[in-house]
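Opening my notebook on this one. I want the overall build first, then a handful of residues.

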Amino acid sequence: MRERYARIRAEVGASVTVVAATKYVSLAEMRVLAEAGVEVVGENRAQDLEAKHAEYGDAFRWHFIGHLQSNKVKSVNPICELVHSLDSESAARRLTIPALVEVRLSGEATKSGVSPEELPRLLELYGDVRGLMTMPPETSDPEKSRPYFRRLAELARKHGLRELSMGTSQDYQVAAEEGATFIRLGSVLYGRV
């Protein structure tokens, strides 16, 4: 794990933060991440976030990367330094920490996020937006993600935002080339590809 983490960090460079996605990482396995030198973890579920933070609190910097339901914000606020998935007014009204707005660029109904047209309203509503996040369609060809990453970078520039959370195990290298400041990695980091 330590070698994979170091290799990925060298590939993407110092300007990109590697967020270890812990959705499928058990409480016991979190220790392996800490021992490998992982600094930032991203959790998808509020209840898992609470349990993992209770055990490993200061071992990591905590991000929330899953769909943010407004009733879960109370769990996320005291633990996380950043939310990657703000996409509703109700969650924005309860959130007290910096956030990235999730933008749905793929048009897939199964994906969360606001449309590019809805973005200005959410930016007006929540004053501590640091950047944007997106999830392109799943693909075996990382190059197919590039247009989505370029579009997100354009939107961020248009709105004066500098942080970009884009890229997962399937396409993180392309995301880094297109300006990602955060990449969210699971299987490639854990050696499950």
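Below are my entries, from the whole chain down to single residues.

**Ground rules**

I'm working with a predicted model, where local features need pLDDT of at least 70, side-chain atom pairs count only at pLDDT 80 or more, and totals for chains, interfaces and linings use all residues. Residues are numbered from 1 along each chain as its sequence is written, and side-chain values use heavy atoms, with hydrogens and water left out.

**Overall build**

I looked up the secondary structure and found nine helices and eight strands in the protein; these are DSSP runs numbered from the N terminus, helices being H or I with at least four residues and strands E with at least two. The radius of gyration is 16 Å, close to the 16 Å that the globule rule gives for 193 residues, so the protein is as compact as a globular protein of that length. For the record, that radius is taken over C-alpha atoms, and the rule is 2.2 Å times the number of residues to the power 0.38. Along the principal axes, the C-alpha atoms fill a box of roughly 45 × 40 × 30 Å.

I then checked burial: 52% of the 193 residues count as buried (under 20% relative accessible area; exposed is over 50%, partly exposed in between, with a 1.4 Å probe and protein chains only). The accessible surface comes to about 9,200 Å², and 46% of it belongs to carbon and sulfur atoms (Shrake-Rupley method, 1.4 Å probe; for residues, only the protein chains shown count as cover).

Of the contacts with a separation of 6 or more, 51% come from residues 24 or more positions apart; contact means heavy atoms within 4.5 Å.

**Cores**

Which residues touch the most other members of the largest nonpolar core? They are Val-101, Leu-132 and Ile-183, in a core of 55 residues. By core I mean a set of buried Ala, Val, Leu, Ile, Met, Phe, Trp, Tyr and Cys residues joined through side-chain atoms within 4.5 Å. Helix H7 (residues 146-158) gives the most to this core, with five residues. There is also a second, separate core of eight residues, including Val-19 and Leu-82.

**Single residues**

Leu-105 sits in the loop between strand S5 (99-102) and helix H6 (119-125). Is Leu-105 buried or exposed? Leu-105 counts as buried, at 18% relative accessibility. Beyond four places in sequence, Leu-105 touches Pro-116, Thr-134, Tyr-148, Arg-151, Leu-152 and Leu-155.

Phe-60 is in the loop between H3 and strand S3 (61-64). Phe-60 is buried, with a relative accessible area of 6%. Its contacts, neighbours within four places aside, are Met-30, Leu-33, Ala-34, Val-38, Glu-39 and Val-41.

Thr-17 belongs to strand S1 (residues 17-21) and is partly exposed, at 22% relative accessible area. Leaving aside neighbours within four places in sequence, Thr-17 is in contact with Val-40, Thr-181, Phe-182 and Ile-183. Val-40 is in the second core, while Ile-183 is in the largest one.

Ala-54 is in helix H3 (residues 46-56). Ala-54 is exposed, with a relative accessible area of 67%. From Ala-54 to Ile-79, 25 residues apart in sequence, the C-alpha distance is 9.6 Å.
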